[in-house]
Amino acid sequence: MYSRRERATKIVATLGPASSSAEKIKALYEAGVDVFRLNFSHGTQADHGRVLGIVRDLEREVKRPIGVLADLQGPKLRVGRFQDNAITLVAGTSIRFDTDPTPGDDKRVPIPHPEIIEALHVGSTVLLDDGKVRVKVVHKGAGFIEAEVIAGSRLSNNKGFNVPDVLLPVSPLTDKDRADLFFALDLGVEWIALSFVQRPEDVIEARELIQDRARINLKLEKPAAIEHLTRLTELSDSIMVARGDLGVELSLPEIPALQKSIIRESRRFGRPVIVATQMLESMINAPVPTRAEVSDVATAVYDGADAVMLSAESAAGQYPVEAVAMMDQIIKNVERDPGYRKIIDSQRPEEGTSVADAVTQAAYGAANAVNAAAIVTYTLSGTTTLHAARERPKQPVLGIASKLATARQLVLSYGVHVVHAPEEIHTFAEMATKATQIAIDYGFAGEGDRIAITAGVPFATPGTTNVLRLVTIDKGMVDRKPGSPQPAPRPVAK
């Protein structure tokens, strides 16, 4: 019997030193992980290749698709080094930033990024060490700036810096990122997460390199990206609300409303959306989270996110499995709340105008009208299933994918339970019979239940969702022996 997740919202967990063994990865999966994240900001390519091999072995063992997301580091802007490893800052005083590689002191900070010095202007705000230090540019010269210290008292070697109000002339793909990108593509990951995206051209650049070898997850972490939210969402395959850097470069009180806006926009375009960063942060060192963290995860679920993500909690924390189990329990409790369905239904996006939109919306309405046990989608590229997930139905979406890569990609999507069925289908009748068989065999429907089936005809043509059929499961379908021909499904009487 297929053991499915008893929740619609998915869990993404980062693998790292605390979770890189086969035993730990299996424990994380059993605790509730749907998609594993490989963070290329840490570890070597060899490390990630070994871990991915473990995930693929686990996938074969459990006979269920598992998604993998490779998260590229992106350009990391950092200050240089200091003579005494750190300097003391005093609010109201002036300090110089320049491109001289000589170690700095209390009067001077080296920045090994001449293009950043060039892009800054008088009035620009510069945030250092995750916002602990804040300065404002008061003068600019050839290869240097003078800045007034606004807040902060200490700055040490190689700390990062952010420039929230300037569009930086930097590609999101460094030489390291390109090497990691092609390595990850050769490994066969399903998702590539892009860091430091500022504008639509950044996604187009990445798309040209990736081609069709993986889907793009766009991390929204720069204020400049938020200005292009609609276009970037349209260009992406999924979105990550990367609240860490957003929380540094934007006012913290802005983040909750922005999170809701990003989720709404992602759902409007049918793009899976992940909410990430500090969700159960205290569980890095403690066996239980804070009440505020529990509420934070719950809020993302109420907002209708496709997935919530663990970072250091699962990669480097002391309680990685417990963190996943806690997140699993939070999601289940939210989704059992009688008010949850009302909230999710109230957030439905405007109806689309394509044939695929019409068929999917009809399937949603028909499934509710006949109290269907499941919505079954038959898909090649994933489009049919993504349309169904966009509606956030109360019924589970049984996504039958003919391609393994598509099956792994769909694991990220809300409410979708994926089955890889590589058998070639030639007619809609064959497809309906196969869909019915899988729904029964995997425990999604039984005798007397109804299912709604959507697909695209002609088959093997991506993006052609154009058929809806309602089927009633009868005793003959349920009693057949495994491997025997399935009786033709009986349509629901009109």
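## The open sheet

In what order do the 6 strands of the open sheet stand? In this predicted model, the order is β6-β5-β9-β8-β7-β11, with mixed pairing. Strands β6 (108-110) and β11 (161-162) are the edge strands, and each has a single partner, so one side of each has no neighbour in the sheet.

Strand β7 (residues 125-128) runs antiparallel to β11, and 2 bridges join the pair. Here Leu127 sits opposite Asn162 of β11.

## Two nonpolar cores

The largest nonpolar core contains 69 residues, and Phe36, Ile192 and Met327 have the most contacts inside it. Helix α12 (residues 320-336) supplies the largest share of this core, with 6 residues. A second, separate core has 27 residues, among them Phe97, Val126, Leu168 and Val170.

Leaving aside residues up to four places away in sequence, Met327 touches Ile11, Met279, Leu280, Val297, Val308, Met309 and Leu310.

## Helix α10, side by side

Val297 also turns up among the buried residues of α10, together with Glu293, Ala298, Ala300 and Val301. These residues lie on the same side of α10, because they cover an arc of only 155° around the axis. On the other side, Arg291 and Ala292 are exposed. The buried residues pack against α9 (255-268), β15 (273-276), β16 (307-310), α12 and α13 (338-346).

After the helix comes Gly304, with a positive phi near 95°.

Notes: Residues are numbered from 1 along each chain as its sequence is written. This is a predicted model: local features need pLDDT of at least 70, side-chain atom pairs count only at pLDDT 80 or more; totals for chains, interfaces and linings use all residues. Side-chain values use heavy atoms; hydrogens and water are left out. A nonpolar core is a set of buried Ala, Val, Leu, Ile, Met, Phe, Trp, Tyr and Cys residues joined through side-chain atoms within 4.5 Å. Buried means under 20% relative accessible area, exposed over 50%, partly exposed in between (1.4 Å probe, protein chains only). Helices (H or I, at least four residues) and strands (E, at least two) are DSSP runs, numbered from the N terminus. Contact means heavy atoms within 4.5 Å. Two strands pair if DSSP finds at least two bridges between them. The arc is that of the directions from the helix axis to the C-beta atoms.
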